[in-house]
Amino acid sequence: MKVMKIAKSKLPTVDFNNLGFGKYYGDHMLVKIYENGVWKESEIVPFGDMLLSPANITLHYSQSIFEGMKAFRGEDGVVRLFRPEKNITRLNFSAERMCIPQLDEKETLKELMELISLDKAFTPSHLGSSLYIRPFIFAADPALGVKVSDTYRFMIITTPVDAYYGRKLQTLSIYATKEFTRAALGGTGHVKAAANYSQSLYAAKKALDKGYKQIMWLDGQEHKYVDEVGVMNIMFVINDTLITPTLDQGTILAGITRESVLFLAREMGWRVEERRIAFQEILDASKNGSLQECFGTGTAATIAPVGRIGYDDGKDIILNNNEVGPYAKKIYEQLLGIQYGKIEDKYGWTVEIK
Ligand code: COI
């Protein structure tokens with residue numbers, strides 16, 4: 001792979017005490033072009049703007065997918081990627097659904113690690129922060145007909161970040177909507193298509209206007225069952241059982257943090273259920289006192305405890321006095337413990353960056 005290094009690093013311009021999410025970028029990016037039916041050799045080049053035709057097909061019709069993964073710097077100074085092969089497999093899964101050509105997963109992982117190794121100094125060290133890695137593929141044809149593109153660009157960029165909802169583990173509020181739909185049966189809710197996110201903005205804005213941080217999506221057919229929340233999967237603790245919506249409707253993204261949390265919960269001996277959850281069940285559990293906690297899980301969000309769920313104008317469910325509950329705290333410590341190398345990684349989830 002060709003590597004063209006930046007002349008002067010931007011590292012000194014990064015304010016590591018105030019990272020936010022997507023404010024700063026690593027020095028380099030990876031670019032791989034697909035044309036004439038093949039992926040060409042990747043290149044690592046300095047991070048920068050790119051030239052696109054105004055007729056670029058992605059700008060008009062969103063034939064585009066992405067991933068989100070993280071590298072963590074432990075107290076030992078070691079930088080570790082978390083389950084990167086899972087993200088690359090999911091990228092190919094999304095690619096299939098969006099008519100985008102498949103990448104070679106082994107080669108992609110190797111190239112991704114080379115990029116991270118080059119910009120590893122951008123990985124922050126405080127708990128909750130990380131180097132967020134954004135692989136993405138977009139259709140590159142300059143063409144206005146609605147069709148499958150013949151050319152694509154695969155890219156990876158990196159950004160040092162705090163957790164999506166802030167550095168500190170704190171509760172957030174969500175609004176359960178019956179008015180809007182994120183995903184339909186047979187749609188693209190289960191893949192990481194860029195279009196899923198743009199079409200969610202209107203409902204998310206409405207929730208924000210009502211004073212909630214995120215939207216909670218209910219199923220698209222009946223608006224009865226919980227699907228997911230904003231940029232994360234969602235879990236509830238009812239009667240000391242961790243419950244999360246099942247993936248089998250094909251409307252929910254199969255989160256890697258979700259899968260890791262369910263695995264760790266089972267390892268710790270928690271009762272775990274993956275099944276459909278009617279929103280009415282949440283209301284009933286809140287009324288009878290068996291609803292203990294709710295938290296989101298996601299790469300960007302990590303573990304995001306929910307303190308308040310709105311559902312009709314003026315009505316709210318308050319969870320655990322709007323404070324971080326013991327289940328969310330425990331799973332946060334376990335997951336981040338492994339990610340930051342504080343707890344032994346018995347499962348081979350972390351990959352050290354040299
Ligand atoms: C992630 O958790 O990596 C995501 O993709 C969320 C992102 C849209 C901020």
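A polar contact is a pair of N or O atoms within 3.5 Å. Keep that cut-off in mind as you work through this predicted model.

**Exercise 1.** Find which residues have a polar side-chain atom 2.6 Å from an oxygen atom of the ligand.

*Solution.* Start with K192: one of its polar side-chain atoms lies 2.6 Å from a ligand oxygen. Next, look at Y132, where a polar side-chain atom is also 2.6 Å from an oxygen atom of the ligand. Taken on its own, the ligand has 290 Å² of accessible area, and the protein covers 91% of it.

**Exercise 2.** Describe the surroundings of the ligand.

*Solution.* First, list the neighbours: F66, G68, Y132, R134, Y164, K192, Y197, V231, T299 and A300 surround the ligand. Then sort this shell by type, which gives six nonpolar, two polar and two charged residues. Last, look at the space itself: the ligand takes up the largest pocket.

**Exercise 3.** Work out how the ligand shell relates to the domains of the chain.

*Solution.* Begin with the division of the chain: domain 1 covers 2-161 and domain 2 covers 172-339. Their centres, taken over C-alpha atoms, are 27 Å apart. Where the two domains are in contact, domain 1 gives 23 residues and domain 2 gives 23 residues. Now return to the ligand: its shell draws at least three residues from each of domain 1 and domain 2.

Technical notes
Residues are numbered from 1 along each chain as its sequence is written. This is a predicted model: local features need pLDDT of at least 70, side-chain atom pairs count only at pLDDT 80 or more; totals for chains, interfaces and linings use all residues. Side-chain values use heavy atoms; hydrogens and water are left out. A residue is near a molecule or strand if one of its heavy atoms lies within 4 Å of it. A polar contact is a pair of N or O atoms within 3.5 Å; within protein, one must be able to donate a hydrogen and the other to accept it, and residues adjacent in sequence count only if both atoms are side-chain atoms. Accessible areas come from the Shrake-Rupley method with a 1.4 Å probe; for residues, only the protein chains shown count as cover. On a 1 Å grid over the protein atoms alone, a cavity is a set of points where a 1.4 Å probe fits but cannot get out, and a pocket is an open set with protein on both sides within 12 Å along at least five of seven lines; lining residues have an atom within 4 Å of a point. A molecule sits in a cavity or pocket if more than half of its atoms lie within 2 Å of its grid points. Ala, Val, Leu, Ile, Met, Phe, Trp, Tyr, Cys and Pro count as nonpolar, Asp, Glu, Lys and Arg as charged, and the others, Gly among them, as polar. Domain bounds come from an automatic or database domain assignment. Contact means heavy atoms within 4.5 Å.
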